[in-house]
Amino acid sequence: MDERVLTDPRRKRQFVRGMFDGIAGTYDLLNHLLSAGIDVIWRKRTVDLLRPEPGWHVLDLATGTGDLGFETAKRDPGIVVTGADVSVGMLRHGVDKERGRPECLDFLAGDAEQLPFPDASFDGVTIGFGIRNFAEIDRGLFEINRVMRPGGRLAVLEFSKPSTPLIRGIYFLYFKRILPLVGKLVSRDPKAYTYLYESVMLFPEGETFCQHLSEAGFESVEQVGLSFGIASIYTCSKL
Ligand SMILES: C[S@@+](CC[C@H](N)C(=O)[O-])C[C@H]1O[C@@H](n2cnc3c(N)ncnc32)[C@H](O)[C@@H]1O
C-alpha cells in the first residue's frame, strides 16, 4: 500500500471515505467474525465507562453502521444519540439496521474534523475504531472538545498493541497475515484489511494518545486495556 495514503491527510481522507463506502455491506459481518464477537463486549464496556445519564445528548463519531450509538441509546430512553460519519455507504446500512430496533439514532453525514454543530452541543462523545482513520487526529480532537460542554465526557475505543511478547507475536501474525486474507475474500477489497493493519501500526496509542487528549483540552485522561491489550478504551472529560 502507498504509504502516502496514510501520511498525507488529503489522500487519507479520500481513501478512507471510498474504502468504507466500498466495504459497508460486509462490514458488520467481518467485524464480528474477525473479532469472534468480542467487539460487542468492548462496545458495551466503552458505554459503561462513558456513564451516560438520562437527558444526555451523545455524539457517536465515526458511527459507521451505528453499533456503538445503538449501545448508548439502549441504556436509557431519555438519552438522545446522534451518529455522524463521512461514509454515506456505512450510514445507509446503519439506517437499515435501525428499522425494527427499539433504539433510535439520528444518523448524519459529517466529518469529525469539521463538525456541523455549535460549541458545547453534546454532553458526551463516543468513537469506536474511528479515531485511527481520521486524516488529522488532533484536528478531530479539538473539534470534539469544541462541541462538548464543559464537564462532558469522551470515550474512545481503539485497537492497541499488546505488551506481552507471546500475545504480541500472535496478534501481529493475525493482523498482518490472516485478517487481510479473510477480509479480502469476504469484502472483495484487497486494500481494506491491509490498511487496517497499517493504520493500527501507525496509530499513536497509549501514553502518546493520552498526551494528544490532554493537549486538546481534556482532563482526567485514563486508558483501560481490553483482552490482553488488543484494544483500549481512553476516557476523559472536558475541562
Ligand atoms: C472501523 S469503522 C467503525 C464504525 C463503528 N464506530 C464501529 O464501532 O463499528 C470506522 C468509521 O470511521 C469513519 N470515519 C473515518 N474518518 C472519519 C471522519 N473524519 N469523520 C467521521 N467519520 C470518519 C469511517 O467512514 C468508518 O465508518
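The model is predicted, with local features requiring pLDDT of at least 70 and side-chain atom pairs counting only at pLDDT 80 or more, while totals for chains, interfaces and linings use all residues. Residues are numbered from 1 along each chain as its sequence is written, and side-chain values use heavy atoms, with hydrogens and water left out.

Two packed helices are described by the angle between their axes and the distance between the axes. Helices (DSSP runs of H or I, at least four residues) and strands (runs of E, at least two) are numbered from the N terminus. Axes are lines fitted to C-alpha atoms, for helices over the stretch in contact, and angles run from 0 to 180 degrees between N-to-C directions.

Helix α3 (residues 38–50) and helix α4 (residues 67–75) have axes that come within 9 Å and cross at roughly 50 degrees. This angle makes α3 oblique to α4 (under 35 degrees is roughly parallel, over 145 roughly antiparallel, 65 to 115 roughly perpendicular, and the rest oblique). The crossing of α3 past α4 is right-handed, meaning that the near helix is turned clockwise from the far one by less than a right angle. On the α3 side, R43, K44, T46, V47 and D48 meet D67, L68, E71, T72, K74 and R75 of α4, where contact means heavy atoms within 4.5 Å. This contact comprises 2 nonpolar, 2 polar and 7 charged residues (nonpolar: Ala, Val, Leu, Ile, Met, Phe, Trp, Tyr, Cys and Pro; charged: Asp, Glu, Lys and Arg; polar: the others, Gly among them). Helix α4 is largely enclosed by the rest of the structure, because 7 of its 9 residues are buried, namely D67, L68, G69, F70, E71, T72 and A73. Buried denotes under 20% relative accessible area, exposed over 50%, and partly exposed in between (1.4 Å probe, protein chains only).

For helix α2 (residues 9–34) and helix α7 (residues 165–187), the axes come within 10 Å and cross at roughly 135 degrees. Helix α2 is therefore oblique to α7, and the crossing is right-handed. Residues I23, T26, L29, L30, L33 and L34 of α2 meet Y174, L179, V182, G183, V186 and S187 of α7.

R132 is located in the loop between β4 (122–128) and α6 (137–147) and is buried, at 5% relative accessibility. Its side chain makes polar contacts with the side chains of E158, at 2.7 Å, and S199, at 2.9 Å. A polar contact is a pair of N or O atoms within 3.5 Å; within protein, one must be able to donate a hydrogen and the other to accept it, and residues adjacent in sequence count only if both atoms are side-chain atoms. Beyond neighbours within four places in sequence, the contacts of R132 include K12, F159, Y195 and F203. F129 lies in that loop between β4 and α6.

M1, in the segment before α1 (4–7), is partly exposed at 36% relative accessible area. Outside four places in sequence, M1 contacts L6, F15, K191, Y195 and E198.

Most residues other than glycine have a negative phi. In F129, phi is positive, near 55 degrees, and the residue is buried at 8% relative accessibility. S227, in the loop between β6 (218–226) and β7 (231–238), has a positive phi near 45 degrees and is partly exposed at 27% relative accessibility.
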